[in-house]
Amino acid sequence: REVTRDVEQSLGEARTAVEAGDLTLAMARISEAKGRLANVPRELPELVHSVQQFRDEVMSRSATMAEFKKFQTMAHEVILGGDDWDGNEDERALKKVQQALDIYGIRDDERWIEKLASDLTDTQTATIKRQANELTLHLANYLRSQEDDQASEEALRQLRAAEKWCEPTPALYWLRSECQTQLGLNHQAAKSRRRFELMPATTALDHYLPAHASEWELDWEDPIHRQAIRGYRAALKIQPDHFKSLFFLGQRLMRTHQSEQALEVYLACMALRPRHYMVLCQQGYLASILGDSKEAVRLLRKAIHVRPRGYTAYETLTEHYETRGQYAKALSVSDEMGEGQWYITVGAGSLSAPDSEQHRRAFAHTRNCRHAGRLEDALRAANNNLEIYPESGFVFAERAAVYADLGQYKKAQEDIDRAHKLAIQDS
C-alpha cells in the first residue's frame, strides 16, 4: 500500500508537470515512480504497466515539443533574419526555408495540419500555421526571384496549397501576380494584382515583399528608391520589430545618401540584434563616412570579434584607414586577416563572376603594401591576385604602380596597356 501510494503521488505530480509544460520535471517524477517499483514489479503489474505507458506518452510528447521548438527557431531565423544572416536572399536562404517547412512536411503533405492538431495544443497549432504561412510566402518569393518558369510554377503550387489552410493576404496575391506575369499568364496576373491592391495590408510582408523586389541598381535620385523606402516604413508601422524591413530600409537610405537617417535605422537594428555582424559593419561604415573615427573603429572591431573569418568588417576597416592616409594601419588590418585567408575568401566568390567590389577587395592588400612602402610584398600580392583574377584591369593597374615604384618602367607600361584593354570589361 505504501509503495502504491508513493507511486501514485509521483505520477500525479508528473501529470501536473505535463499540464504546466514542464516535461523535464515530469520525467523526474516518473523516474521516482519507477525507482519505487523496482523491488516489487511482480506484486504490482498493473501499476508497473501504467508507469511505463505514461513514461512512453511523456517521451513522445517531449519529442513533439523538441520538433516544435526546432520549427520555431528555424522559422524565426528565416522570417526575421538570424544573427548570422548577411542580408542575402539567395540559395542558402532558400534551403533554410525549405528545411523549416519540411519539419512538418508542409511543402508536400496537404494533411499536415490534421496530423499536427493531434499532437499540439490549439495555440501551438495556430502559431505554426501563422509561421508556416510566412515561410511559404518567403519560399514563393525566393522561387519567383529565380526568374525561371519551373521555379515560378512551383511557387504558384505552394501558394495554391497555402490558400487551403491560411487566410489569404495581399502578399500572397502580389506573389501570385508576379509569378503569373513571368509565365505569361497576363489575364490571371491582372486579377491577382487587382486583389492585391484592394485587400488591406495586415502583415509586414504585405509591404516588405513588393518593396524589396524593386530595383536596387539605380541612380540614387530614382523615385523607385523612395517608393521602396515608403514600403519598408509601412511594414514597420505594422510590425516595428520586423528586422529585415529595418535592415533594408537602412540600405536604401544609404543608397540615397541619407546617411544620418540610415544610422538611426541601424541603431534600431542594433537594439533588436546587438551582435548582428552586418549591422555592426554598416554602422561602422556610416560612422566612418560621418567622421566619427573612434566609433567606426570600435564597431568594426566588434564585428570582427563576432565573426573573425568574415571579410566585410576587415575590408571596411581597411578602407576607413586608407581614406585617412593611415596606410600602415590599413596594412596591419589586411595582415591581421591573413593574406592566404583573404585570397581564399575572395577566390571562392570568383567562381561566379565577382563584381567590381569583390575585385577591389582582392587587391586591397596590394595597395596597402605599396602605400606602406613594402613593394616586394605588394608585388607578390599582385601576382597572387592575378592568379585569381587573370582578366582584372584593376589588378594590372595596381601592379603597374608597384612596378613604377620599383623603377621597372617597361613592365609598368605593359601592365598599364593591359589594364586599358580591360577597363571597359571591369568597369
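A: Helices (H or I, at least four residues) and strands (E, at least two) are DSSP runs, numbered from the N terminus. By that count, the protein chain has 22 helices and zero strands. The model is predicted, so local features need pLDDT of at least 70, side-chain atom pairs count only at pLDDT 80 or more, and totals for chains, interfaces and linings use all residues. Residues are numbered from 1 along each chain as its sequence is written, and side-chain values use heavy atoms, with hydrogens and water left out.

Of the 427 residues in the protein chain, 46% are buried (under 20% relative accessible area with a 1.4 Å probe, protein chains only; exposed is over 50%, partly exposed in between). Residues 24 or more positions apart account for 62% of them.

Now the rings. Searching the whole structure gives six aromatic pairs. Rings of Phe, Tyr and Trp (its six-membered ring) pair if their centres lie within 6.5 Å; planes under 30 degrees apart are stacked, over 60 edge-to-face, the rest tilted. A cluster linked by ring pairs holds Tyr 208, Tyr 232, Phe 243, Phe 247, Phe 248 and Tyr 266.

Start with Tyr 232 and Phe 248. Their pair is stacked, with 6.5 Å centre to centre and 25 degrees between the planes. Tyr 232 sits in helix H11 (residues 223–238) and Phe 248 in helix H12 (residues 243–255), so the pair ties together parts that are 16 residues apart in sequence.

H12 then packs on helix H13 (residues 259–272). The axes come within 8 Å and cross at roughly 160 degrees. Here axes are lines fitted to C-alpha atoms, for helices over the stretch in contact, and angles run from 0 to 180 degrees between N-to-C directions. H12 and H13 are therefore roughly antiparallel (over 145 degrees; under 35 is roughly parallel, 65 to 115 roughly perpendicular, the rest oblique). The crossing of H12 past H13 is left-handed (the near helix is turned anticlockwise from the far one by less than a right angle; clockwise is right-handed).

Which residues make this contact? H12 supplies Phe 243, Leu 246, Phe 247, Leu 249, Gly 250, Gln 251, Leu 253 and Met 254. H13 supplies Ser 259, Gln 261, Ala 262, Val 265, Tyr 266, Ala 268, Cys 269 and Leu 272. By class, there are twelve nonpolar, four polar and no charged residues (Ala, Val, Leu, Ile, Met, Phe, Trp, Tyr, Cys and Pro are nonpolar, Asp, Glu, Lys and Arg charged, the others, Gly among them, polar).

His 257 lies in the loop between H12 and H13. Its phi is near 65 degrees, a positive value in a residue other than glycine. With a relative accessible area of 52%, His 257 is exposed.

Glu 147 is in the loop between H6 and helix H7 (149–163). Phi of Glu 147 is near 50 degrees, again positive in a residue other than glycine. Glu 147 is exposed, at 68% relative accessible area.

Tyr 314 belongs to helix H16 (residues 312–323) and is buried, with a relative accessible area of 5%. Val 333 belongs to helix H17 (residues 327–337) and is buried at 0%. Tyr 314 and Val 333 are 19 residues apart in sequence, and 6.5 Å apart C-alpha to C-alpha. Leaving out residues up to four places away in sequence, Val 333 touches Arg 301, Tyr 314, Leu 317, Thr 318 and Tyr 321.

Notes. Contact means heavy atoms within 4.5 Å.
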